[in-house]
Amino acid sequence: MLRSVPNLSQAFARLTLVFLLGVFALSLPATAQTESTIYSFTQHESFWPEGGLVEDAGGNLYGTTVGGGTYGTGTVYELSPPAKGSTTWKQTVLYNFQPWGTTGYTPSSELAIDTKGDLFGVTWAGGDARCHCGVLYELVPPAKAGAAWTHLVLHAFTNTANDGRLPNAPPVLSSSTIYGVTQQGGQYDSGIVYKFVPGKSGGTYSVLYSFGGNGDANWPNGPVLLDSSGSLYGVTSLGGAFNSGAVYKLSPPQSSGPWTEFVLFPFGGGSQSSGITPVGNLLFDSLGNLYGVAESGGASQLGVAYELSPTTGSWTQYVLFNFSKTAGSAPLAGMTWNPNGSLYGTTSAGGSHTHGTVFQLTPPTSGGGLWTETLLQQFTYANNGGLPSARVLRDATTGYLYGTTYNGGGGGCDGDCGVDYQIIP
Amino acid sequence: MGPHPIQELSMRSPRIPIMVLLFLGSFGVVSPLPAQTPSVLTRQNDNQHTGQNLHETILTPTNVNSGSFGKVFSYPVDGQIWTQPLYVPNLNVGTKGNHNVIYVATENAKVYALDADSAKKNPNPLWFTDFLNPPNVLAVPCDIGAGLCQLFPLVGITQTPVINLANNTMYVVVRTQETAGTVVSYVERLHALDITTGFEQPGSPAVICSAVDDDGCSFGGPVTFVPKVKQGRPGLLLVSEPGFSQGVLIMGFAGATGWLLAYDASTLQLVATFYASDGITRSGHGYGGIWGAGGAVTADSAGNLYVVTGDGYYDGVINWGDSLIKLVLTLNSATGTYSLVPADYFTPSDEACRFTNGLDLGSAGPLILPAQGGAAPDLIFQGGKALSLCDPTPSIYIVNRDNMGHVGGQVSLSGTASAGSESSPAYWASATANYIYNGADSDPIRAYTVSSSGVSAASVLQTGNTFLNGSSPAVSANGNSNGIVWALDRIDNSDILPGVQPIVLHAYNGTNLTELYNTTQAASGRDTAGPSVKFQVPTVVNGKVYVGTQSELDVYGLCPCPQ
């Protein structure tokens with residue numbers, strides 16, 4: 001979905017400002033906003049929410065935990081808003097993953113949700129009896145409220161015949177098609193992009209592209225992003241010219257034949273000032289520029305937020321913000337648009353308590369250059385979580401932000417069990 | 001020092017020396033196999049945990065580079081591989097003929113026997129044993145018990161098994177959660193598998209302990225072994241003992257009180273026990289858990305056990321937190337029963353601070369060094385966690401195993417990284433110097449020298465890169481030449497479990513620690529391994545390097561290396 005537009009100035013001016021400003025990105029203290037923990041996970045129920053949250057039309061949130069549940073190998077859960085007169089969100093485990101059979105276990109990403117309320121996700125383990133390398137699954141809500149959800153395996157990854165293995169990013173729904181990536185497997189064991197078209201007889205699965213040929217990007221990391229022409233965009237955490245990750249574009253064939261991959265930008269050149277190890281999702285603005293984050297590199301070697309702008313025949317990368325110990329460091333997930341043109345995101349570490357942040361990046365009021373960061377939340381670990389590893393969800397109606405932290409918050413787990421949080425900006 | 005008050009049955013009991021089984025040793029030990037066909041039958045190659053294979057004639061510092069060496073194949077497995085792969089050459093596997101066999105045990109409670117040379121010719125396991133029967137018999141979810149998910153998400157087989165070629169048997173400890181109706185039990189079993197078929201040997205398995213929920217087994221003493229929380233961590237040790245035709249199995253456990261159990265490898269009967277804590281809760285951390293990054297239990301070639309414990313209360317009588325203990329299996333001739341008797345020990349002088357701050361000495365496995373001559377020829381190299389609050393100069397302890405010195409009685413100290421180590425070192429005697437290779441947290445692999453003068457106070461060599469979570473290296477060499485140090489790097493944030501980044505295999509020239517190769521060098525991710533676990537040790541044998549990961553066994557060797 002195309003979003004509103006941050007200002008776009010001439011590339012030269014932007015480059016000059018980036019150069020001049022160097023590491024002196026602005027990082028502002030938090031303004032008045034309210035953060036609250038809406039659910040604290042516990043060891044004996046479910047714990048370690050690695051992915052972020054998705055939302056249905058009723059404001060219910062859905063997520064996954066990699067640990068806990070009946071069999072200790074993860075859950076899908078629902079978090080319902082407080083009932084009238086209450087301030088307590090209600091958590092319900094919808095599905096417990098089983099570490100046997102072929103249904104998959106250890107959910108490895110956040111979910112996708114369709115208009116019917118069906119949930120889609122992937123697991124890191126289980127599935128095919130020989131490969132045990134993960135599944136793409138669907139959870140169908142019950143016809144009658146309170147009954148069990150139905151778990152369907154749409155595809156068990158096999159790592160044979162160029163199939164992938166170890167899916168690590170949420171599937172993306174586009175009309176009647178599901179797109180996704182696996183971290184490894186495929187022709188070069190460096191990951192694939194796949195497509196699944198649900199059908200009455202189970203659907204049709206196909207591999208669109210195998211990463212890892214000579215000099216190619218490899219190890220796709222985040223979900224794909226579709227443009228209006230049907231091309232897919234994403235990042236890989238390895239590969240590219242400097243083996244430090246890349247942004248890729250995958251274009252469908254004109255009529256028949258293979259999809260075509262283009263490396264739009266390889267990370268890691270020069271002093272790594274452009275960042276290395278890109279992770280998470282990409283975003284478009286209305287002009288077709290791409291936005292994302294890299295876990296490392298940049299002025300402080302602690303990650304960057306970046307923009308890629310299409311120019312004739314190539315793409316140009318601009319660092320929007322250099323993360324640091326105080327500004328938050330090591331983002332592990334991508335960002336989320338605020339309709340006003342700013343970006344929300346998380347860092348897994350750094351901030352005043354060293355346990356991660358939720359940040360907002362605001363573009364310069366005119367011209368190019370570095371964006372200004374406002375820290376919306378600096379996690380304390382013990383009280384309100386730590387190690388946020390997923391992107392934030394912005395509720396379109398209220399503008400509230402929702403997310404997860406992988407650790408912190410108590411609950412008895414090793415490293416604590418994690419929380420779900422709400423921020424009212 | 002007084003006897004252990006519980007396990008000691010008689011002060012008059014004669015000490016029966018434990019002889020390290022000949023086929024498991026390396027120095028001073030004769031291998032029954034020709035030098036050209038070495039085997040790897042126990043964690044870190046021998047009971048001293050030197051981590052060295054001195055019969056490697058294929059891999060050399062000349063041919064280990066990304067141009068001629070890389071990933072040659074891999075096998076998918078159904079669970080994480082925390083155990084070290086074991087190797088038996090030229091084994092008759094029944095109707096499947098003779099194979100070099102690599103054995104892998106997983107946290108989802110499976111053991112695989114795989115062809116060690118080609119997944120293309122032999123894509124399926126030679127045999128495969130599954131100890132589960134879902135949904136009633138499962139590997140134990142890590143969240144059973146407090147704070148145990150450092151292994152995640154399932155805990156089935158963590159201790160590296162041990163193989164006895166004399167009776168073609170692999171010994172493996174399996175941990176399960178078993179449900180019957182509404183009753184949930186937790187069970188530790190010792191299995192003896194025929195290495196040619198995977199079938200249980202007669203009398204196998206033996207139940208170590210089966211208990212409902214939080215119940216446990218006392219083994220005749222006041223401290224309870226609770227399988228719900230008891231994690232076997234160190235590799236199994238097989239030592240020879242007069243009167244035990246197939247030797248004695250030694251197994252260590254963490255998860256609250258540290259336990260050591262000794263089993264007759266022939267009958268699978270319990271022989272003796274030792275526990276490192278009285279289990280009483282005090283102000284501090286831990287109960288002397290026995291783990292040592294998988295390498296806490298060792299034996300010298302004279303037959304003594306050396307076991308290191310994690311943080312816990314220490315009193316030198318019954319509580320042995322943060323101590324390196326020499327244990328002797330002792331026969332009470334009057335009763336005919338055995339006990340594991342502490343014969344000597346070393347405890348750091350900062351033990352109280354370690355207990356207060358949760359600073360395990362036993363986060364690192366001991367290395368029993370070959371005799372070096374000099375005034376104290378028989379030394380142990382013992383790392384562990386470090387913290388400036390307890391010790392302004394983070395140190396490795398060099399202990400004389402002939403006189404361990406008790407509290408603060410180390411022979412010398414060697415400097416280490418600020419956080420210390422959660423790993424096990426390796427040893428190699430080159431033509432010019434004897435090296436100890438140690439991989440501390442967030443530090444390079446460092447080489448210390450050892451001679452009749454002792455261990456160098458500081459490292460003399462170091463790698464150019466650091467290892468975020470430390471590393472337990474292995475050494476391949478042809479005697480004192482062509483030494484290569486192999487080390488695995490887990491690059492995931494240690495708080496992210498199970499972790500998603502590939503484990504990185506590095507190879508260094510053993511004489512100078514310059515890097516020869518790593519798995520990120522080849523173009524297009526050719527050599528990328530599977531996602532990492534913690535505390536893995538590579539197995540290097542017969543021209544190949546075997547690396548266990550979360551989802552597969554990766555095999556490296558001389559190319560051709562398929563893209």
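Start by selecting chain B: of its 563 residues, 63% are buried. What you have open is a predicted model, so let's walk through it with that in mind.

**Stop 1: all of chain B**

Switch to a cartoon view and you'll find 1 helix and 39 strands.

**Stop 2: a buried strand in chain B**

Now select residues 395–400 of chain B, which form strand 25. Is this strand enclosed or open? With 6 of its 6 residues buried, strand 25 is largely enclosed by the rest of the structure. Show the side chains next. S395(B), Y397(B) and V399(B) point one way, while I396(B), I398(B) and N400(B) point the other way, and all are buried.

Strand 24 of chain B, residues 379–382, runs antiparallel to strand 25 and is joined to it by 4 bridges. Strand 27 of chain B, residues 412–415, also runs antiparallel to strand 25, again with 4 bridges. Zoom in on Y397(B) to see both pairings from one residue: Q382(B) stands opposite Y397(B), and in strand 27 its bridge partner is L413(B).

**Stop 3: an open sheet in chain B**

Stay in chain B and look for an open sheet of 5 strands, in the order 2-33-34-35-36, with mixed pairing. Strand 2 (52–53) and strand 36 (515–518) stand at the edges, each with a single partner strand, so one side of each has no neighbour in the sheet. Strands of a sheet pair through backbone hydrogen bonds, either parallel or antiparallel.

Which sense does the pairing of strand 2 and strand 33 of chain B take, parallel or antiparallel? Select residues 474–478 for strand 33: its pairing with strand 2 is parallel, over 2 bridges.

N480(B) is partly exposed, with 16 other C-beta atoms within 10 Å. Leaving aside residues up to four places away in sequence, N480(B) touches A429(B), S430(B) and A431(B).

**Stop 4: chain A and its domains**

Switch to chain A. Its secondary structure comes to 1 helix and 34 strands, and its C-alpha trace spans about 60 × 55 × 35 Å along the principal axes. Of its 425 residues, 55% count as buried.

Colour chain A by domain: domain 1 is 1–45 + 267–425, and domain 2 is 49–211. The centres of the two domains, taken over C-alpha atoms, are 25 Å apart. Where they meet, 18 residues of domain 1 are in contact with 15 residues of domain 2. Strand 2 (34–40) and strand 33 (401–405) of chain A each supply at least two residues to the domain 1 side. Strand 33 of chain A gives the most, with 3 residues. By class, the domain 1 side has 9 nonpolar, 5 polar and 4 charged residues.

Before moving on, colour chain A by pLDDT. The mean is 90, and 92% of residues reach 70 or more. Residues 1–25 fall below 50, although this stretch has 49 contacts in the model beyond near neighbours in sequence. Where pLDDT is low, the predicted coordinates should not be read in detail.

**Stop 5: where the chains meet**

Finally, show both chains together. 41 residues of chain A are in contact with 29 residues of chain B. On the chain A side, select strand 6 (67–68), strand 19 (217–220) and strand 21 (232–239), each of which supplies at least two residues. The chain A side divides into 14 nonpolar, 23 polar and 4 charged residues.

Conventions
Residues are numbered from 1 along each chain as its sequence is written. Chains are lettered from A and ligands numbered from 1 in the order in which they are written. This is a predicted model: local features need pLDDT of at least 70, side-chain atom pairs count only at pLDDT 80 or more; totals for chains, interfaces and linings use all residues. Two residues are in contact if their C-beta atoms, placed from the backbone, lie within 7 Å. Ala, Val, Leu, Ile, Met, Phe, Trp, Tyr, Cys and Pro count as nonpolar, Asp, Glu, Lys and Arg as charged, and the others, Gly among them, as polar. Domain bounds come from an automatic or database domain assignment. pLDDT is the predictor's confidence in each residue, from 0 to 100. A residue is buried if 20 or more other C-beta atoms lie within 10 Å of its own, exposed if 12 or fewer, and partly exposed in between; C-beta atoms are placed from the backbone. Two strands pair if DSSP finds at least two bridges between them.
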